[in-house]
Amino acid sequence: MLKTITILFIFIPSVCFGSSMKMIGEKGDINDVTKVINVKMFDNYYEPNEITVKKGETVKFIVKNMGELVHELNIATKEMHKKHQPEMAKMDHSMAHKHANSVLLEPSDTGEIIWKFSTSAKLEIACNVPGHYEAGMIAEIIKD
Ligand SMILES: [Cu+2]
């Protein structure tokens, strides 16, 4: 059993996104930030639920969990979110994800993501805590 857990610890980070990570953009540099977007997370939706960015732009997201549940803000494609959800269901929140494109927050916590939208991939912000995506916890990212 202990062995299984150890294997999970090693594999979850790479299994989650692997090579598809590059197609969604990259971790941004704080010195390149040209736009700051405040996102509030409620049970179970985002405010705003639509975000406009330019290709190549580095955006700093300041994320606050206003809800009573744990929520995630994860920038990815729809396909990646779908893949990520079973992994989230298996996971204990204490071993929160440490990916540059996501932040998992306890109620009333605040976090940040700095992301460079270097590709034209169609992305959405979503919460992959079990049931939340289905409940509509998605914010559309529009590239203009
Ligand atoms: Cu959520």
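1. The model is predicted, so local features need pLDDT of at least 70 and side-chain atom pairs count only at pLDDT 80 or more, while totals for chains, interfaces and linings use all residues. Residues are numbered from 1 along each chain as its sequence is written, and side-chain values use heavy atoms, with hydrogens and water left out.

2. The copper ion has as its protein donors H71 (ND1), C127 (SG), H132 (ND1) and M137 (SD), at 1.9 to 2.7 Å. Donors are N, O and S atoms within 2.8 Å of the metal (3.2 Å for Na, K and Ca), and because water is not among the atoms, sites may look incomplete. Along the chain, the donors follow the spacing H-x55-C-x4-H-x4-M.

3. The arrangement around the copper ion is irregular because the four donor atoms subtend angles of 86 to 136°. Four donors count as tetrahedral if all angles lie between 85 and 135 degrees; four count as square planar and six as octahedral if opposite donors are over 155 degrees apart and all others between 65 and 115; anything else is irregular.

4. Buried means under 20% relative accessible area, exposed over 50%, and partly exposed in between (1.4 Å probe, protein chains only).

5. Strand β6 (residues 71–76) has six of its six residues buried; strands, of at least two residues (E), and helices, of at least four (H or I), are DSSP runs numbered from the N terminus. H71, L73 and I75 point one way from β6, whereas E72, N74 and A76 point the other way. In a regular strand the side chains alternate between the two faces of the sheet.

6. Two strands pair if DSSP finds at least two bridges between them. β6 pairs in the antiparallel sense with β7 (residues 102–105) over four bridges, where E72 has L104 as its bridge partner. β6 also pairs in the antiparallel sense with β9 (residues 124–126) over three bridges, and here N74 stands opposite A126.

7. K60, in strand β5 (residues 58–65), is buried at 18% relative accessible area. Beyond its neighbours within four places in sequence, K60 is in contact (heavy atoms within 4.5 Å) with residues including V33, K35, E112 and I114.
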